[in-house]
Amino acid sequence: MARVLRWDVLVGALLIAVFAAGSLTSPSFATVDNLSFALGDLGEIALIALAMTMLVVAAEVDLSVASVLGLSSALVGSLWDAGMAIETIIPLAVLTGAVCGLVNGLLVTRLGLPSLAVTIGTLALYRGLAYVVLGDRAIAQFPPDYAALALNDVPGTPIPYPIALFVLLAAIVGVVLHATGFGRALYAIGAQEQAAFFAGIRVKRVKLLLFVISGTVAGFAGVVFTLRYGSARADNGVGIELAVIAAVLLGGVDFDGGKGTLGGVIAGVLLIGLLRNLLMLGDVSTEIQSIVTGLLLIVSVLTPRLVSLVRPALKGSP
Amino acid sequence: MTPMRLTAVTALLALGVAACSGTTKSSVTSAPAPAPASSSAAKADPNAPIKQGLKLAFLPKAINNPYETIVDNAGIEAAKEYQGEAKEVGPSDASASSQISYINTLTQQGHDAILIAANDANAVCGPLQQARAKGIKIVAYDSDAAPECRDLFINQASSEEVGRSQVKLLAGMIGNKGDIAILSATANATNQNTWIKFMKDELGKPEYKDMKLVKVAYGDDDDQKSFTQTQGLMQAYPNLKGIISPTTVGISAAARYISGSKYKGKVVLTGLGTPNQMRQFVKDKTVAKFALWNPKDLGYLASYAAAALVSGQITGAEGETFKAGKLGERTIGKQGEVILGPPFTFDAANIDQFDY
């Protein structure tokens, strides 16, 4: 019974319900083109959510991801404009993301600061650096071959390249998180950090690695974002961190750490994306869209708590 | 692998790749441009009737911008005149990427034409091309998309005329002398940047040699940010004599700040604003003169232009003409541009005749 009531299973069911409702109410919803668009729109959020899931499971959070994305985008634009080859720029942008993540990780693990505070700080810092790098300019005209990689579908499928990459990475993260000692270590750290430490887990080193992964992925997402929109700007991706965290929470990962599944997060990402797409097809205004997503998020955080309150009471009754 | 080693390996990888040459800006820009995807092969038939039951969608920069609401509503009204159906949808923020998913949605919904005020001329390009590939006509209005991504651009006024007239308007009020600043929308707003280019050119003329442009500030078409940017300008440049704000959000925020500050009467503010937004500031003498075209006519013209395109009266080529309802006949200019007309100057004497 408890298995069936797990939140991530419910999110999966909700996802199917949204999909069914969409197919019934809107003729343009369940078309290959539309779903491909909707998936493409989720690319960066989905990629970053993978790294964020591991962080939140280990009871940490990285709010600076959208700013790292912006910094990476600004760097891509500025270097491209300066005449550097895109093949050089892309690894540099990803590397910059890794360095941003390293700084976050060092501040959290070496100085023992709370990641919420550290990454709120670097959220502002990295966004500021993005403006230093590119200023108020917008750089366009990226090479069509590379833009196609960010925008187009894998030939013969309705799956955009970034989503194909996401599927691949999700498989890796899924195995690591749910079938390896390292994954178990993340849950242990999230559930009881001190106990994990005494059990021999190198807590600080693991956390540092998670932040570096988070930064690297965000840096890469910046490249994808820039090429997909064909426009490098310092303000690219503002606010994406909230969408990512919303998806992770909606997917049933506990903000206190130690709980949650990657499957739930993937369902959460898809649910947010498809719901938004469906509301847009139904000409629902942006304000109502925000309200619906917001309510859904509150319900997702509230329901498991209510269930855990109600369940003992039920058991106690004769 | 430790994070340190991971970083080092990535760095080496980057350097390794850097060593070989690759795709650079010059190698891309020197390549021949792809052939335009437009249906230029189709022939225009000026006498074709406007099709009945056309479905149009207006996609403004952001839906909560009062100016854009006026434009779009006029366009929606115009559609009723030719038995068409139009709606307005759009994002709540004016960022480059937020219009993309709307373009995709409108494409899926199967509209005959999408009318867009582009937040970023290039960012919207890919999805607009995809829409055109499905036979949807694209009309940019208010703020242009890259010309190869749309069929027509309805320009509110000739950009050159707007830019130069703003400088003339301000110069006349400050006696051609003193430090001036510009408070613009976002740094990438296509129309504002074009106007500013012509403002700078106009300022280069000898009669403005005593006027000095000290700063172009960006309020991002956000009321609060424009307000604080104005505040910042006053503090950074104590000798400031005048501000031009060529955006309706910027000028009203700047006026609100100046009207409540010690700079009222010392710093001259002008720019582009709507009469309803600016009325109180003209009455309290914060602002003497400002300019704008008629936004209702802009939406109306865009709506008719889209209908003419879909009905095959025009294809978007230079020299073609179409009838725009009560506005009469219009001609398509260079690069598919249709110009609405010269900007109109509002002051205390005439402002009460307008309500929008």
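This is a predicted model: local features need pLDDT of at least 70, side-chain atom pairs count only at pLDDT 80 or more; totals for chains, interfaces and linings use all residues.
**Group meeting: a walk through chain B**

Let me begin with a pair of helices: in chain B, helix 3 passes helix 11 of chain B in a right-handed crossing. Helix 3 of chain B covers residues 66-81 and helix 11 of chain B covers residues 295-310, and the two pack with their axes 7 Å apart, at an angle of about 45°. An angle of that value makes helix 3 of chain B oblique to helix 11 of chain B. If you look for the residues that make this contact, you will find, among them, B:Tyr67, B:Ile70 and B:Ala78 on helix 3 of chain B, and B:Leu298, B:Tyr300 and B:Tyr304 on helix 11 of chain B. Sorted by class, the contact between helix 3 of chain B and helix 11 of chain B has 11 nonpolar, four polar and two charged residues.

Let me now turn to the domains. In the domain assignment, chain B is given domain 1, made of 55-156 + 295-340, and domain 2, made of 159-292. The C-alpha centres of domain 1 and domain 2 of chain B lie 28 Å apart, and 10 residues of domain 1 of chain B are in contact with 10 residues of domain 2 of chain B. On the domain 1 side of that contact in chain B, the classes come to four nonpolar, three polar and three charged residues.

Next, the sheet. Chain B has an open sheet of four strands, in the order 7-6-8-9, with parallel pairing. Which strands stand at the edges? They are strand 7 (211-218) and strand 9 (268-271) of chain B, and because each has a single partner strand, one side of each is left without a neighbour in the sheet. Strand 9 of chain B pairs with strand 8 (residues 240-245) of chain B in the parallel sense, over four bridges, and B:Gly242 stands opposite B:Val268 of strand 9. Helix 6 (residues 159-174) of chain B lies across strand 6 (178-184), strand 7, strand 8 and strand 9 of chain B, and runs at about 160° to strand 9 of chain B.

Finally, the contact between the chains, which takes 41 residues from chain B and 41 residues from chain A. On the side of chain B that touches chain A, helix 1 (3-19), helix 2 (25-29), helix 4 (100-109) and helix 5 (125-133) of chain B each supply at least two residues, and the largest share, nine residues, comes from helix 1 of chain B. By class, that side of chain B has 18 nonpolar, 20 polar and three charged residues.

Conventions. Residues are numbered from 1 along each chain as its sequence is written. Chains are lettered from A and ligands numbered from 1 in the order in which they are written. Two residues are in contact if their C-beta atoms, placed from the backbone, lie within 7 Å. Ala, Val, Leu, Ile, Met, Phe, Trp, Tyr, Cys and Pro count as nonpolar, Asp, Glu, Lys and Arg as charged, and the others, Gly among them, as polar. Domain bounds come from an automatic or database domain assignment. Axes are lines fitted to C-alpha atoms, for helices over the stretch in contact, and angles run from 0 to 180 degrees between N-to-C directions. Angles under 35 degrees count as roughly parallel, over 145 as roughly antiparallel, 65 to 115 as roughly perpendicular and the rest as oblique. A crossing is left-handed if the near helix is turned anticlockwise from the far one by less than a right angle, and right-handed if clockwise. Two strands pair if DSSP finds at least two bridges between them.
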